[in-house]
Amino acid sequence: MTSKKNVRRLLVIDALNMYFRAYIVDPSLSTNGQPIGGLKGFLKILQKMIREMSPDEVIICWDGAGGSRRRKTKNKNYKAGRSPVRLNRDIRTMSEVEERENKMWQQQRLIEYLNNMPIIQLMLESVEADDIISYVVQDKKYAGWQKIIISSDKDFFQLCDDETIIYRPIQKKIVNRNTIIEDYSIHPNNFALARAMVGDRSDNLDGIRGVGLASVAKRFEFLAEDKVYTVQDVIERCEKTDSKLKIYKNVMENSQLMASNFRLMQLYDPSISPQGKTKLRYSLDNFVPEFNQTGTKAMMLNDGFGVWDCTDLFAFFKRVVASKNT
C-alpha cells in the first residue's frame, strides 16, 4: 500500500484483537520452551503492517479493565458468557490455569515492550478500545490524515469515511466506504442501525428474529443512502409499507430491542466521559516519541525470542524519532 502524495498516514490498532490472533495461531516458543506467540507474534504482525502500509504514526488502543462500564450499566448481559481465549490444541502443553497466567504475562510484557517504542498506547479504565479508536479517528489532530484501523471487528465499518478505512488481517482485506456499500448495500452511516436489528452473538446481544444484514438491505434499501437514519425512521417505514412480509411486523414489535442495541453498538459518539476524553487529548498532544533500542533488545534476549529479523520494525522507529526531532 502506497501513501497518497502529501497525505500523512496513521495506523490505529485494535490491540486485543491483534494480540489474541497472535496468541492463538503463533506457535512461537521461548528458548526456555514457554509460549510467547502472543508477544512475539504481535510484534511480527506490527512489523508486517508497517512494512506494507508505511505509516507516519502508530497508535495502539487497549480495552480498559472491566470493559465498558457504561454499556454494562445499560445492559447487564452485554458481553456476558464469553469463553476465554485459549491456545490451539496442537500446541497446548499447559494446564488451563498455566495458560491463563502465561497469556496475562505475555500481554503485560507486550505493553512493556511497546512502552520502549515510539508508539502511542491508549487505555482508559472501564472503556473499550472501540470507543478509544472512534475518538482517535475523529480527532481534529488527524484531520486530513488517512486513518487505517487494523481489526477484524465489523463494529468499525460504521467509522469508514473519506479518510478512514479498515484493514482486516484475518481476511487480508481492505474495507472502505465504497466496498461496504457494494458488499452490504448499507452505508457506514447506517451500519450500526442495521446491526442493531441483526444483533451480535459475540457481544451477547439478541437480534430480531428472522432479520439478517441481507434482509435489512433488501427491505430497508434507504439505509444505503449517504444520510443518517434513526430507529424511528425504520419504524415509520414499517408502518407505512403495504407489504405483508413478517419482517416489518417483527421489527415494529421489537423496536425497543433495536433501540437498545443501537445505543450499545454505535461508535459515532464514543462512550467516553468528558474526563476520559481530556486524558486522551492530553496523551495525543504531549506524546514524545522515543526508542529504547538497547532496552528492547535486552528484553528480547531475556524473554528468549531466539532468531528474528526485526530490522524493518526498528528502522521505522528510528525514522519516527528522527522526524520529530527535525
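A nonpolar core is a set of buried Ala, Val, Leu, Ile, Met, Phe, Trp, Tyr and Cys residues joined through side-chain atoms within 4.5 Å, where buried means under 20% relative accessible area, exposed over 50% and partly exposed in between (1.4 Å probe, protein chains only). The model shown is predicted, so that local features need pLDDT of at least 70 and side-chain atom pairs count only at pLDDT 80 or more, while totals for chains, interfaces and linings use all residues. Residues are numbered from 1 along each chain as its sequence is written, and side-chain values use heavy atoms, with hydrogens and water left out.

**Figure 1. The nonpolar cores.** The largest nonpolar core has 55 residues, of which I59, L122, M197, F220, L223, V251 and M258 touch the most other members. Helix α5 (residues 129–138) supplies the largest share of this core, six residues; helices (H or I, at least four residues) and strands (E, at least two) are DSSP runs, numbered from the N terminus. Another core, of 42 residues, lies apart from it and includes M18, I36, V58 and F314. Leaving aside neighbours within four places in sequence, F220 is in contact (heavy atoms within 4.5 Å) with M197, S215, V234, R237, C238, I247, Y248 and V251.

**Figure 2. The six-stranded sheet.** An open sheet with mixed pairing has the strand order β3-β2-β1-β4-β5-β6; two strands pair if DSSP finds at least two bridges between them. At the edges stand β3 (120–122) and β6 (173–175), each with a single partner strand, so one side of each is left without a neighbour in the sheet. Neighbouring strands are turned by 25° against each other on average, direction ignored. For such angles, axes are lines fitted to C-alpha atoms, for helices over the stretch in contact, and the angles run from 0 to 180 degrees between N-to-C directions. Strands β2 and β3 run parallel and are joined by three bridges, and C61 has L122 in β3 as its bridge partner. Helix α1 (residues 15–25) lies across β1, β2 and β4, at about 65° to β1.

Figure 3. Is strand β4 (residues 146–150) largely enclosed or left open, and why? Five of its five residues are buried, so β4 is largely enclosed by the rest of the structure. Q146, I148 and I150 point one way from β4, whereas K147 and I149 point the other way. Strand β1 (residues 9–14) pairs with β4 in the parallel sense over five bridges, and R9 stands opposite Q146. Strand β5 (residues 164–168) also runs parallel to β4, with four bridges between the two; here I148 stands opposite I165.

**Figure 4. Aromatic pairs.** The structure holds 16 aromatic pairs. Rings of Phe, Tyr and Trp (its six-membered ring) pair if their centres lie within 6.5 Å; planes under 30 degrees apart count as stacked, over 60 as edge-to-face and the rest as tilted. The ring centres of Y184 and F191 are 5.4 Å apart and their planes stand at 85°, so this pair is edge-to-face. Y184 is partly exposed at 22% relative accessibility, whereas F191 is buried at 1%. The rings of F305 and W308, both buried, have centres 6.3 Å apart and planes at 45°, so this pair is tilted. Ring pairs also link F220, F222, Y229 and Y248 into a cluster.

**Figure 5. The surroundings of R281.** R281 is found in helix α12 (residues 274–286). R281 is buried, with a relative accessible area of 18%. Not counting residues up to four places away in sequence, R281 touches Y135, D139 and K141.
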